[in-house]
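Please keep the view open as you read.

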Amino acid sequence: MPPICTSSTFAQSSPGVHQGFEYSRSHNATRFALERCLANLESSGLSKEQDTTNGAFAFASGLAASATCLELLDSGDSILCMDDVYGGTNRLLNRVRKRSMGIRPVHVDLTNLATLVSAIKVHAPKMIWVETPSNPTLKLVDLREVAALGASCGAITVCDNTFATPVLQRPLELGFDVVMHSTTKYLGGHSDVVGGALVTRHAELAQRLRFLQNAIGSVMGPFDAYLTLRGIKTLHIRMRQHCASALRIAQFLEAHLKVLSVSYPGLASHKQHALASRQMKLDGSSAFGGMVTIHLKGGLAESRAFLERVKVFALAESLGGVESLIEHPAIMTHASVPPEQRAALGIGDNLVRLSVGIEETADLIADLTQALR
Ligand SMILES: Cc1ncc(COP(=O)(O)O)c(C=O)c1O
């Protein structure tokens, strides 16, 4: 097992002559072990000669990873971003970097490639940012098509792969330039460590990200890197259970009288089920992840009553842990998204998001049954 290297600095034999480790913000053996593991999982394809950690970089949180990635842009650049993204990503783009850095975020529905083509013509983006499945409405983006369109206009394509994980899809293999993760979620897997990551398949981008990671300094600490690596050891087997259980729960909820609609890429009723079946695979078969989003019949009162009554599901933000979580995006994870944008995306008072854990599926269904009753 990789040891936790807590040294912040390393002795030099002569000024400027070190053994490969100088100062822990720049070089840390435990973080390097995690970064090389992430590069491997996401198929960076870079050798150690091209980049010390094969093109992967770990950060103090998912948002720290995103914030560092945005520093690849210059002031005045425009970025085309999926309309439905994690609320914190939306806040970082529109309430922080738009002001402090002068970047121009434009939100577009990337499920519609024609919209993307015309947005590229109008805005000449330097970066295209996608989430698939998206948070919280679970829309899908055709990664291969978007990567090709991004390459044709010279934009850096970034995919937040937090929901799918490299077990289900590897965007770099489909032509994306950078993969971003909140490792807080499935990679860590136990809701006990916050972190983030970027992985690239280009040596030139790796060099720029290495500079930015060190220059900005929001690195992941060694204890967190150790815990995240430990979590990753069971990622594959956890994903099997998350996917199997979420599909059964989505089917159960779709048939329930108190549920208006269910969004889960594994249901035939999902508008992009065919794309999901093609793009998301586990052990060679289609698999759709552990996140399920529902619209309840009713409004805030009904949602509140349901969320207060669950016993096995914990009412909490975050996702991707072994335990099942449930939340109300409009009040919780997506409260920072402007109300008009939330309304346009259908993130209303009756929307509830479930992160299906790895507990016994029958217990989870029994819990939802009693809470809905
Ligand atoms: C899809 C997605 N991306 C990014 C983030 C941000 O990650 P973190 O909370 O680790 O900063 C989150 C957090 O919920 C997320 O769900």
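## Cysteines

Is C5 buried or exposed? In this predicted model, C5 counts as buried, because its relative accessibility of 18% falls under the 20% cut-off.

If you were hoping for a disulfide, a search of the whole structure finds zero of them. C5 is in none, and the nearest cysteine sulfur, which belongs to C37, is 18 Å away. C153 is likewise in no disulfide, with the sulfur of C81 as its nearest cysteine sulfur at 15 Å.

Next, have a look at the strands. Seven of them form an open sheet with mixed pairing, in the order β1-β7-β6-β5-β4-β2-β3. At the edges stand β1 (56–59) and β3 (104–108); each has a single partner strand, so one side of each is left without a neighbour in the sheet. On average, neighbouring strands here are turned by 20° against each other, direction ignored.

Within it, I79 has M127 of β4 as its bridge partner.

## Helices across the strands

Helix α1 (residues 29–41) lies across β1 and β7 (196–200), and runs at about 125° to β1. Helix α4 (residues 113–123) lies across β2, β3 and β4, with a direction at about 165° to β2.

Note on methods. Residues are numbered from 1 along each chain as its sequence is written. This is a predicted model: local features need pLDDT of at least 70, side-chain atom pairs count only at pLDDT 80 or more; totals for chains, interfaces and linings use all residues. Side-chain values use heavy atoms; hydrogens and water are left out. A disulfide is a pair of cysteine sulfur atoms within 2.5 Å. Buried means under 20% relative accessible area, exposed over 50%, partly exposed in between (1.4 Å probe, protein chains only). Two strands pair if DSSP finds at least two bridges between them. Helices (H or I, at least four residues) and strands (E, at least two) are DSSP runs, numbered from the N terminus. Axes are lines fitted to C-alpha atoms, for helices over the stretch in contact, and angles run from 0 to 180 degrees between N-to-C directions. Contact means heavy atoms within 4.5 Å.
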